[in-house]
Amino acid sequence: MSGVRVMVVDDHPMWREGVARDLAEAGHQVVASCGEGRQAIRVVAAARPDVVVLDLQLPDVSGVEVIRGLLAARPEVRVLMLSASGEQQGVLDAVKAGATGYLLKSAALAEFLDAVRRTAAGEPVFTPGLAGLVLGEYRRLAAVRERAPAGTEDPAPRLTERETEVLRLVAKGMSYKQIAERLGLSHRTVQNHVQNTLGKLQLHNRVELTRYAIERGLDG
Amino acid sequence: MVTHVPAPGGFEVPLWRAVAVFRVASLAYVCVVVLRDADRYAHPLVAGALVLVMAAWTAVTAVGYAAPARRGWPLLLADLGVVVALLLVTPWVMGRPALAAGLPTLTVAWLGGPVLAWAVSGGRRRGAVAALVLGATDLATRGMATPSAINGAILMLLAGVVVGHVARLTVTAGERLQRAVELEAATRERERLARDIHDSVLQVLALVQRRGARLDGEAGELARLAGEQEAALRALISGAGPLPAGTADAPVDLRALLGRYSSATVSLSAPATPVPLPPMTARELAAAAGAALDNVARHGGGRAWVLVEDEGSAVTVSIRDEGPGFTPERLAEAAAQGRLGVAQAIRGRLADLGGTARISATPGSGTEVELTVPRREP
């Protein structure tokens with residue numbers, strides 16, 4: 001598969017150029033590249049990328065805001081995050097805001113190109129670190145649920161046993177193929193399980209945001 | 001924001017100033033009393049001279065106690081001695097009839113000065129000692145225990161204890177504030193460094209590693225080295241930072257302890273929120289994980305993944321690698337030779353913590369060590 005339309009957002013010119021060159025050499029089309037989040041949100045509708053390769057730490061706006069803005073301007077776009085500093089709360093927030101892929105900047109070129117291709121195909125791109133963060137987030141939600149008084153409405157998502165199993169194996173560095181072999185599942189099923197874990201978090205995040213907006217009277 | 005923290009010992013400065021103010025104020029009261037009662041004293045002129053002595057001593061102590069270096073025993077003992085001497089000559093100066101008539105003694109409240117000085121310098125006990133010495137001298141020289149004299153002595157004792165207590169509290173609070181400010185400054189500096197490193201060095205190292213990975217020979221080797229440094233630096237700046245001193249029993253974030261094992265070949269997956277454990281448990285668990293990682297490195301190396309999970313009632317650390325590691329044959333061989341292998345050492349550590357270690361090798365997906373420690377309810 002070739003010809004993924006990619007937009008590169010990174011405030012380091014050296015990186016932006018390097019990434020754009022690598023993508024072009026691999027046969028992809030770099031439709032836009034910018035160094036600022038606000039600029040990216042402005043041009044995304046006109047540039048019509050399939051995938052946005054986004055540096056999570058931009059100087060003007062937070063990663064979460066950029067992702068929300070990008071998805072609002074072009075709902076079908078997929079966001080692949082890059083970060084230089086490792087898996088932290090910011091990465092988790094970005095995933096909850098709608099990013100479907102995450103890579104460390106130190107990832108090998110082949111790994112990066114593969115991630116772009118998979119993100120364009122709608123597959124979630126997880127690092128083991130991101131899987132650990134997502135697992136931790138579900139456990140945090142479960143702990144909050146346990147502390148809540150009985151009878152309260154419980155909109156927080158939970159993982160099925162199978163999803164937990166799959167996510168744990170991703171966090172321990174196993175590839176989807178290895179996981180499929182170990183659990184006797186198809187590659188596609190493993191991928192769906194991973195996707196569901198993200199989808200539920202993102203849906204929950206949107207519900208929470210809407211509820212917050214209604215509570216504050218911001219929905220009108 | 002600039003926070004002013006006095007130099008060590010500087011927290012007592014306001015207290016010493018308050019003692020000096022007390023002496024000046026009580027000296028003014030002494031003047032009033034002596035002017036009013038002088039005609040009933042046996043030796044009014046000597047009384048006047050003694051007031052001058054008190055004024056001089058007030059000045060000496062105000063200057064003396066102002067400098068931390070001079071707040072030692074010589075000045076404290078001299079202070080107490082001067083007031084005791086004044087008390088001793090008081091009956092002669094005032095005369096028995098004046099004392100018997102219930103007139104206030106010459107020093108009135110001024111004799112409280114040394115009590116406050118002792119209390120500020122050394123806390124409750126010193127304050128109480130000075131108050132007892134002066135109270136006893138006062139009662140003994142009067143030769144009689146009038147209710148007002150006893151009241152005065154008890155008030156002085158209470159003042160000594162209370163001021164001593166407050167002085168200790170102030171100094172402790174000041175020292176805590178200073179520690180907190182130092183810690184905050186260190187954290188800020190660390191965050192600033194982390195930002196700088198992130199914005200410059202990490203980006204460049206990652207780029208060198210990426211672009212160099214396609215080159216052969218020495219350039220490829222340089223790229224690999226850059227990658228290693230990038231991983232080490234990333235682990236360094238994403239760690240939870242140094243633990244504050246003086247909190248030996250405070251829970252420790254397990255992620256911070258495991259962070260130092262993360263490298264170009266070891267990936268660490270953990271929750272975004274802290275994983276608190278008692279310090280002993282956290283250290284032992286991290287050491288067990290480290291032993292498992294050492295074992296990976298010894299048997300051919302290769303990549304390894306560490307996963308930290310906080311299940312509330314228990315904490316689990318899993319270590320997985322794709323090398324030969326702990327094959328069942330190797331474990332059986334070690335057991336047969338009666339050797340305490342790495343596996344046994346890890347199991348032992350976990351058993352000491354009341355936890356369990358599960359070690360398994362699955363063909364095709366590597367070796368896994370799973371360390372689980374229960375969390376005791378606080």
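Leu54(A) stands opposite Met81(A), a residue of strand 4 of chain A. The path from strand 3 of chain A to strand 4 of chain A runs through helix 3 (residues 63–73) of chain A, and this β-α-β crossover is right-handed; that is, with the strands pointing away from the viewer, the path from the first strand over the helix to the second runs clockwise. Strand 3 (residues 51–55) and strand 4 of chain A are joined in the parallel sense by five bridges, and two strands count as paired if DSSP finds at least two bridges between them. Another residue facing strand 4 of chain A is Asp55(A), which stands opposite Leu82(A). Strand 4 of chain A also pairs with strand 5 (residues 101–104) of chain A, again in the parallel sense, over four bridges; here Ser83(A) has Leu104(A) as its bridge partner.

How many residues of strand 4 (residues 78–83) of chain A are buried? Six of its six are, where buried means 20 or more other C-beta atoms within 10 Å of the residue's own, exposed means 12 or fewer, and partly exposed lies in between, with C-beta atoms placed from the backbone. In a regular strand the side chains alternate between the two faces of the sheet. Here Arg78(A), Leu80(A) and Leu82(A) point one way, while Val79(A), Met81(A) and Ser83(A) point the other way.

## About the model

This is a predicted model, in which local features need pLDDT of at least 70 and side-chain atom pairs count only at pLDDT 80 or more, while totals for chains, interfaces and linings use all residues. Residues are numbered from 1 along each chain as its sequence is written, and chains are lettered from A and ligands numbered from 1 in the order in which they are written.

## The sheet and the whole chain

Chain A has nine helices and five strands, taken as DSSP runs numbered from the N terminus (helices H or I, at least four residues; strands E, at least two). The five strands make an open, parallel sheet in the order 2-1-3-4-5. Its edge strands are strand 2 (29–34) and strand 5 of chain A, each pairing on one side only.

Of the 220 residues in chain A, 44% are buried. Among its contacts between residues at least 6 apart in sequence, 64% join residues at least 24 apart; a contact means C-beta atoms, placed from the backbone, within 7 Å.

## Helix 6

The 20 residues of helix 6 (residues 128–147) of chain A should span 28 Å at 1.5 Å a residue, and the end C-alpha atoms are 29 Å apart, which agrees; the expected span is 1.5 Å times one less than the number of residues. Buried residues of helix 6 of chain A include Pro128(A), Leu133(A) and Tyr138(A). Their cover includes helix 4 (89–97) and helix 9 (187–215) of chain A, together with strand 2 (266–269) and strand 4 (304–310) of chain B.

Arg145(A) also lies in helix 6 of chain A. Is Arg145(A) buried or partly exposed? It counts as partly exposed because it has 13 C-beta neighbours inside 10 Å.

## Where chain A meets chain B

Across the interface, 34 residues of chain A are in contact with 35 residues of chain B. Helix 6 of chain A gives the largest share of chain A's side, 11 residues.

How values were computed:
Two residues are in contact if their C-beta atoms, placed from the backbone, lie within 7 Å.
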